[in-house]
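Me: I have a model open and want to go through its packing. Can you take my questions as they come?

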Amino acid sequence: MKNILVTGANRGLGFELLKVYIQSGYTVYPLVRSRESAELLSQQFSDHCIPIVTDLTTDDSIKDIEHTLSRHTTSLDIIINNAGISGRGSLIEDVDTEEINRLFNVHCLGPIRSIKGSINFLRKSDSPKIINISSRLGSLSRMASGEFNGMGFSYSYRMAKAAQNMLTICLSQELKDEKILVCAIHPGKLTTRGGSPDADTHPSVAAHNIYKWINEMDIHSSGKYVEPGVMEIAW
Ligand SMILES: NC(=O)c1ccc[n+]([C@@H]2O[C@H](COP(=O)([O-])OP(=O)(O)OC[C@H]3O[C@@H](n4cnc5c(N)ncnc54)[C@H](OP(=O)(O)O)[C@@H]3O)[C@@H](O)[C@H]2O)c1
C-alpha cells in the first residue's frame, strides 16, 4: 500500500488530488487546518484517509505531522506541498510587508515544515518524491520577459512562489544522492477560490495531469519546473 501526504487537501486542487490518489489505491494523509475539515474527510473517505490537523504557519506542524505519521505508517512515498494563499497588493504603494511575511510563511516555510516532519518517512520509501505546487508566477524568467506585466498579480504571491522555487532547486540538489525526487509544478490556471481572473482549468483536470506526471517521474525529471501535460517551465 502506497502513502501520500497532501497539504491543503480540504478544497481546491488539494481535494481533487486527494480523490485521485484514493481512487488509485493510496492511503492519503490530507493535512488540513480544522477538525471540522478532518471529520468531513474521514466520513467521506474512511479507512484510506488519515487527516493531519495542523497549521503550516507554525513550527508545531512539524511535530504534528511526525506524530500522526508515526501512529499509522513507517514510510511515505509522496508529499505534495499544495497549501497556499493569495496576495493583494500589486503596486508598491499598496504592498503590505505583513502580507509578504504571511505568504512567505505559507508558501516557503510551510513546505520546509512539512518536509522536516516527513523526511524520515520518505527515506523509508523505495520511490520517494517531493512535489511543490508552485505557479507560473514564481518563474523569474517569465516574469523578467514581461509576460505578466500589468496583469495585477501581487508582489507577495510572486515573491513567495519564486522563493519556494529556490527551495525546490536546493532540495533537489541536496536529496539527489538519496534518490528522493523533487520538482515544482504549475498546475494551470484553476477555477478555485484561490484562482486568477483568467482561470480556465477545473482542478480535477489538473489533479489527473499531476498524477500522471508524478507516476512518470524519474531521476531526470528531478529538479524540473513543469506544467504537467503542457511544458517544462524556465526557472
Ligand atoms: N488556483 C490557481 O489558478 C493556481 C495557479 C497556480 C498555482 N496555484 C497553487 O496551487 C495551490 C492550490 O491552489 P488552490 O487554488 O487549490 O487554492 P485554494 O482553493 O485557495 O485552497 C488552498 C488550500 O490551502 C490551505 N491552507 C492555506 N493556508 C494553510 C495553512 N497555513 N496551513 C494548512 N493549510 C493551509 C487551505 O485551507 P483552508 O480551507 O483551511 O483555508 C486550502 O485547503 C496553491 O499553492 C496555489 O498557490 C494555484
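Me: Which residues form one aromatic cluster?
Reply: Tyr21, Tyr26 and Tyr211 do. This is a predicted model, where local features need pLDDT of at least 70, side-chain atom pairs count only at pLDDT 80 or more, and totals for chains, interfaces and linings use all residues. Residues are numbered from 1 along each chain as its sequence is written, and side-chain values use heavy atoms, with hydrogens and water left out.

Me: How many aromatic pairs is that by the count?
Reply: The count comes to 5 aromatic pairs. Rings of Phe, Tyr and Trp (its six-membered ring) pair if their centres lie within 6.5 Å; planes under 30 degrees apart are stacked, over 60 edge-to-face, and the rest tilted. Tyrosine 21 and tyrosine 26 are edge-to-face, because their planes stand at 90 degrees, with the centres 4.8 Å apart.

Me: Is tyrosine 21 buried or exposed?
Reply: Tyrosine 21 is buried, at 0% relative accessible area. Buried means under 20%, exposed over 50%, and partly exposed in between (1.4 Å probe, protein chains only). Tyrosine 26 is buried too, at 9%.

Me: What is tyrosine 21 in contact with, leaving aside neighbours within four places in sequence?
Reply: Ile4, Tyr26, Val28, Ile78, Ile80, Tyr211 and Ile214. Contact means heavy atoms within 4.5 Å.

Me: And which residues touch the most other members of the largest nonpolar core?
Reply: Tyr21, Ile80 and Ile131, out of 32 residues. Such a core is a set of buried Ala, Val, Leu, Ile, Met, Phe, Trp, Tyr and Cys residues joined through side-chain atoms within 4.5 Å. α1 gives the most to this core, with 7 residues. Apart from it lies another core of 20 residues, among them Leu5, Tyr29, Leu171 and Val182.

Me: Switching to α2. Which of its residues are buried?
Reply: In helix α2 (residues 35-45), Ser37, Ala38, Leu41 and Phe45 are buried. They sit on the same side of α2, because they cover an arc of only 100 degrees around the axis, taken from the directions from the helix axis to the C-beta atoms. Helices (H or I, at least four residues) and strands (E, at least two) are DSSP runs, numbered from the N terminus.

Me: What do those buried residues pack against?
Reply: They pack against α1 (12-23), β2 (27-32) and β3 (52-53).

Me: And what does the face turned away carry?
Reply: That face of α2 carries the exposed residues Arg35, Glu36, Leu40 and Gln43.
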